[in-house]
Amino acid sequence: PIAGYTYIWNPGTDLSSSNIGNPVYTSNNTTNSPVITNYVLTTLRGSGCTSNDTVAVTANPAPKGLDITASNTCIKSATTLTASSTSSGVTYTWKIDGVAAGSGSSITPTVTAGTHSIEITASLANGCSSVFTKSFTFYDVNVSTTASQSNICQGSSTTLTANSSNATTYAWYKGSSTALIGSTPTISSGNLNDSATFKVVV
């Protein structure tokens, strides 16, 4: 900027100011394609002289529609984190609690119980990138089972108990059946005429 000159930018869209010599341009490209804006600068002197110049600014798109999903939130099973975007051609790098955790559209990290901040940096070949962060809470559910009697007479029953310090739900099944037979920590096996196995899912 030179003292005694007046500057007018047209259009003033996405500029920090339309009447200074060196405004800051901030991209507002919400599409998945480059957007070109032609800015015309009119310079006025106090003497009445004017001059015009044009500059074209290309706003390349950054990755959009970012999300992170987790295959499960139980640390006793492998957890796969998957990144997605509504843009195509996106590459990803990962951080967990601020620490680099790999690259690619999915990773299978080792996590501890608790809430963790998962961050992806999504990049396009045009050099533009976006950062997206999502928190997940991972659980370490412990469970053990006991039977009030493991050897019973034919036609008798036994009491089955699931022992856990942090389970909130229980689902009992007999053998390989998918039919639910109980949803509390303690259930009765029902009268048994043969040996049987039971499974509890917490």
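**Chat: contacts, rings and pockets**

Q: Setting aside neighbours within four places in sequence, what does Thr43 touch?
A: Thr43 is in contact with Tyr5, Thr6, Tyr7, Cys49, Thr50 and Ser51, where contact means heavy atoms within 4.5 Å.

Q: What sort of model is this, and what got counted?
A: The model is predicted: local features need pLDDT of at least 70 and side-chain atom pairs count only at pLDDT 80 or more, while totals for chains, interfaces and linings use all residues. Numbering runs from 1 along each chain as its sequence is written, and side-chain values use heavy atoms, with hydrogens and water left out.

Q: Back to Thr43: which strand, and buried or exposed?
A: Thr43 is in strand 2, residues 35–45 (strands are DSSP E runs of at least two residues, numbered from the N terminus, and helices are H or I runs of at least four). Thr43 is buried, with a relative accessible area of 14%; buried means under 20%, exposed over 50%, and partly exposed in between, using a 1.4 Å probe and protein chains only.

Q: New topic. How many aromatic pairs are there?
A: The structure has 2. Rings of Phe, Tyr and Trp (its six-membered ring) pair if their centres lie within 6.5 Å, and planes under 30 degrees apart count as stacked, over 60 as edge-to-face and the rest as tilted.

Q: How are Tyr25 and Tyr39 arranged?
A: Their ring centres are 6.1 Å apart and the planes are at 75°, so this pair is edge-to-face. Tyr25 lies in the loop between strand 1 (5–10) and strand 2, and Tyr39 in strand 2, so the pair ties together parts 14 residues apart in sequence. Tyr25 is partly exposed at 26% relative accessible area, whereas Tyr39 is buried at 2%.

Q: And Phe136 with Phe138?
A: Those rings have centres 6.3 Å apart and planes at 35°, so the pair is tilted. Phe136 is buried at 10%, and Phe138 is buried at 2%.

Q: What about the largest pocket: what volume, and which residues lie nearest its centre?
A: Its volume is about 290 Å³, and of its 18 lining residues, Ser150, Thr158, Leu192, Ala196 and Phe198 lie nearest the centre. A pocket is an open set of points on a 1 Å grid over the protein atoms alone where a 1.4 Å probe fits, with protein on both sides within 12 Å along at least five of seven lines; lining residues have an atom within 4 Å of a point. Volume is the space filled by probe spheres set on the points, which are joined across faces, edges and corners.

Q: Which strands supply at least two residues each to that lining?
A: Strand 11 (144–147) and strand 16 (198–201) do.
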